[in-house]
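Please read the following briefing beside the sequence and the model.

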Amino acid sequence: MAVRDIEPVVLELDRLEQLAESGYYNPYTLFDWPDAIEPDKPWMSESLTSLAGTPMWDELTREQQLALTKYEAINFFSLNIHGIRELMSEVVLRIHERAYANVSEFLHHFIGEENEHMWFFAQFCLRYGGKLYPALPTVRAASADHLSPVAREMIVFARILIFEEIVDHYNAYMATDQSLPDIAREINRVHHQDESRHVAFGRMIFVNLLGQVAKRDPAEVPVVAEYIEDYLQYSIGTLYNPATYRDSGIPDAVALRRRAMEHPARAEAHDRVLKRTRKFLHKAGVGRELIK
Ligand SMILES: [Fe+2]
Ligand SMILES: [Fe+2]
């Protein structure tokens, strides 16, 4: 592929590269995989499930609540797998492009780490859930075809950043949740550690490429801002998967998804998930007004 119309991306990444080297670990020997997960423990923090805070959660039997934590954990890890596959393939295509020569070293760490993340997320899903949820073909994120080449480059890294920041909100919380089985907590903790570097890098490259967009055509900035807002909403929507409701024995899965997503308690939950990212985007000049 040819990356057109972009200036070399030069970033100060020495510290992040050193941290990647000093924190390097072997994922294939790191985890202690139990044969089975304790039946009475939630697989995902209850306060992070898609029905948390709504009467729909209270109406479930305890059995359904636990089932939902299980299937939403599988959905969350499946989303990670699909997200990683998408972002890795974009980064692989760029790793030896001239414009990215200065960040190529960090991108090698990034790809290596993401490959390992994909492995441990899939291990968890397949060992304990017996499956991955497929990526939802009906809810595709908007196309970026109408944007200039440099804005499309920016969008590639914006999508990676947004995906990683949203996931990290969940990982950071579950990394210390003592109600979870050890293996679930550990996976979240280890992922959170690596992602702190990825998010730091993601923000730097985003600011660089956004600066290039603004320099070429300031009028395109609000257009990319709109795309980014759509992508935030799309990403939140992927956390509500009707298949998880069905698998948990909850009826009317599609209607439930709609009701849950529209519930005021969920709007507050979405604000919490996106708070850090919105603050960053606002400061960078592409965010809507911040929620007080
Ligand atoms: Fe990752
Ligand atoms: Fe990452």
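A residue is called buried when its relative accessible area is under 20%, exposed when that area is over 50%, and partly exposed in between, with a 1.4 Å probe and protein chains only. By that rule F31, at 9% relative accessibility, counts as buried. This is a predicted model, in which local features need pLDDT of at least 70 and side-chain atom pairs count only at pLDDT 80 or more, while totals for chains, interfaces and linings use all residues. Residues are numbered from 1 along each chain as its sequence is written, chains are lettered from A and ligands numbered from 1 in the order in which they are written, and side-chain values use heavy atoms, with hydrogens and water left out.

**Metal site**
- The iron ion (ligand 2) is coordinated at 1.8 to 2.3 Å by E114 (OE), E164 (OE), E195 (OE), E195 (OE) and H198 (ND1), where donors are N, O and S atoms within 2.8 Å of the metal (3.2 Å for Na, K and Ca) and a site may look incomplete because water is not among the atoms.
- E114 bridges the iron ion (ligand 2) and the iron ion (ligand 1), which lie 3.3 Å apart.
- Because E114 belongs to helix 5 (residues 104-129) and E164 to helix 6 (residues 149-174), the pair ties together parts that are 50 residues apart in sequence; helices are DSSP runs (H or I, at least four residues), numbered from the N terminus.
- E114 is buried, with a relative accessible area of 1%, and E164 is buried as well, at 2%.

**Aromatic contacts**
- The whole structure holds 16 aromatic pairs, counted where the ring centres of Phe, Tyr and Trp (its six-membered ring) lie within 6.5 Å, with planes under 30 degrees apart taken as stacked, over 60 as edge-to-face and the rest as tilted.
- Y28 and W119 form an edge-to-face pair, 4.6 Å centre to centre with 65 degrees between the planes.
- Y28 lies in helix 2 (residues 27-30) and W119 in helix 5, so this pair ties together parts that are 91 residues apart in sequence.
- Y28 is partly exposed, with a relative accessible area of 45%, and W119 is partly exposed at 24%.
- The rings of F31 and W33 have centres 5.6 Å apart and planes at 50 degrees, so the pair is tilted; W33 is buried, with a relative accessible area of 14%.
- One aromatic cluster includes Y28, F31, W33, W119 and Y170.

Key
Helices (H or I, at least four residues) and strands (E, at least two) are DSSP runs, numbered from the N terminus.
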